[in-house]
Amino acid sequence: MQNRPKLGILTFSDGRRYAHERLIEENKAFERRLRGALEGAGVEVVTGELVWTNQLAAQEARRLAREGCEATIFHYAIWAFPQFTALAARFAPRPILLFGPINPSRPGMVSVLAAAGALDQMGVRYRRVFGEIEEAEVLRRVVAWARGAHAAYRLQGETFGLFGGRPIGINTATAPVDQWVSQFGIDVEHVDQWEVVRRSQAFIGTDRVRHARQWLEEHVRKVHYDGQQLTPEKLELQIASYHALRDIIDERGFDFIGIKSQPELTEHFVTTDVPEAFLNDPYDWEGPHDPIVCATEADMDAALTMEVFKHVAGTPVLFADVRHYFADLGIFDLVNSGQHATYFAGRSFEPEHNLPRVELKPQGFYFPAGGASVFHVAAPGDVTLARLTREKGEYRMHIVRGEFVRLGPEDEARRIALVQDNWPHAFVRLRVPAERFLAEFPCNHVHGVYGNVVAELLEWCEITGTRPILLGDGDVPGSPITDTRQQKGGRP
């Protein structure tokens, strides 16, 4: 899965020819260090000429925009005239980060502060980072900013496919279309769920669907056919609806989607658990594919949270309900009606590793139409969880760190049976007291990825004008010399 940020670097210089020419090699050496460190961290980099005239400031900033850069680093290793920053900021891809390497023999820090003052007067928002780019903490902060900028850039121009509307009275599943366009650059296109039902008919009984069913039977641990809620015919109908969704996604150019499902499909057609799981997965029975974020219950802000995670982390993203808290273990049980991507069963991009840990089980009484639920337990590992919601029309993102854990086999089976034995589970120990989490977390749905991407989410929030709310210990590195965040409201 390709997920490389693309940054431009403009290195600024002295506006006096004699000073500029004397320091060209020194300036370029610092630029090479910055570029090399970023490329080593998986960032694509485009550099311009050294900027030491007004003409070059505008010319090189425009060139970075033509090259498709998603954001720009303004780089100051020596003294540079602040006017060049002011001009370049008019044309350079935003957001902008001012980077000041450690070079005490030259007034590079002076340049950063002077440039910052110029941008403040212009009302241009930016980030500042000082330090040696080879230091892990400094590089981490710059790369986190790059990934946050990448996520904001990738959202611009995307289309969300909304199948159905508000499900079973869940208010937080809806979001204002005009705000999505103005704040995130995302359009929303509505599709009736009947289109999924109608198009599925063309796939029923085909060799393509039959092969998919056989592939699932061969690769998952077990398919629990019961002759009523889960039969080969109902599994094939779920597979047919997956292919119908894929066709609609391709035809309409959808980047991510949400499906209402309840109650129409779950009562009169078939559940959408299998399509939801394999859309979010990096593969299906026909081979690898980029994960397509799909939120059940047509939860728009769930889908948006997941899409941000996808662009930041480059992995499949979890969708779950906060279902239960086992106080004796200090562990939450995250469960949803079978829509967890099978990726989470083994934390692998290879189905051969994940699917032996997956079972297809019959749905329960909530979903009389039947079908398979995609049952498994999430593999252990550090995770970042988050959720976008609105308060009085303002977007905010609650963020919390945690760890997915596995229990002893007998204890785990007992607790699964107590909660829901046919839906997928993720047992998580959060890095925040349960009382605070339950008092402050703003929604029943939660989303996340493996790893610590808190810094990336904070950068995305800063860029998009979203208020971050960090619950507990977020492990966000930084000190006054390496990380000076400009706290200003509004969007760039």
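Strands here are DSSP runs of E with at least two residues, helices are runs of H or I with at least four, both numbered from the N terminus, and two strands pair if DSSP finds at least two bridges between them.

What you have open is a predicted model, in which local features need pLDDT of at least 70 and side-chain atom pairs count only at pLDDT 80 or more, whereas totals for chains, interfaces and linings use all residues. Residues are numbered from 1 along each chain as its sequence is written, and side-chain values use heavy atoms, with hydrogens and water left out.

Move on to the open sheet of 4 strands, which has parallel pairing and the order 7-6-9-12. Strand 7 (187-191) and strand 12 (294-296) are its edge strands, each pairing on one side only. On average, neighbouring strands of this sheet are turned by 20 degrees against each other, direction ignored, where axes are lines fitted to C-alpha atoms (for helices over the stretch in contact) and angles between N-to-C directions run from 0 to 180 degrees. Strand 6 (residues 159-163) runs parallel to strand 7 with 5 bridges between them, and Phe 160 has Val 188 in strand 7 as its bridge partner. Helix 12 (residues 273-280) lies across strand 9 (256-259) and strand 12, running at about 150 degrees to strand 12.

From strand 6, follow the loop towards helix 7 (177-184), where Ile 170 is found. Ile 170 counts as buried because its relative accessible area is 14%, the classes being buried under 20%, exposed over 50% and partly exposed in between, with a 1.4 Å probe and protein chains only. Leaving out residues up to four places away in sequence, Ile 170 touches Glu 297 and Asn 444, a contact meaning heavy atoms within 4.5 Å.

Now select the largest nonpolar core, which has 57 residues, with Phe 160, Trp 180 and Trp 460 among those having the most contacts inside it. Helix 6 (residues 136-155) supplies the largest share of this core, 10 residues. A core of this kind is a set of buried Ala, Val, Leu, Ile, Met, Phe, Trp, Tyr and Cys residues joined through side-chain atoms within 4.5 Å. Beyond its neighbours within four places in sequence, Trp 180 is in contact with residues including Phe 160, Val 188, Phe 256 and Tyr 395. A second, separate core of 41 residues includes Val 223 and Leu 265.

Then go to Tyr 450 in strand 20 (residues 445-450), which counts as buried because its relative accessibility is 9%. Among the residues that Tyr 450 touches, beyond those up to four places away in sequence, are Tyr 343, Arg 347, Ala 379 and Phe 404. The backbone oxygen of Ala 379 lies 2.7 Å from a polar atom of the Tyr 450 side chain.

Finally, colour by pLDDT, the predictor's confidence in each residue from 0 to 100: the mean for the protein chain is 94, and 96% of its residues reach 70 or more. Over residues 478-492 the pLDDT is below 50, although this stretch has 40 contacts in the model beyond near neighbours in sequence. Where pLDDT is low, predicted coordinates should not be read in detail.

Key
A polar contact is a pair of N or O atoms within 3.5 Å; within protein, one must be able to donate a hydrogen and the other to accept it, and residues adjacent in sequence count only if both atoms are side-chain atoms.
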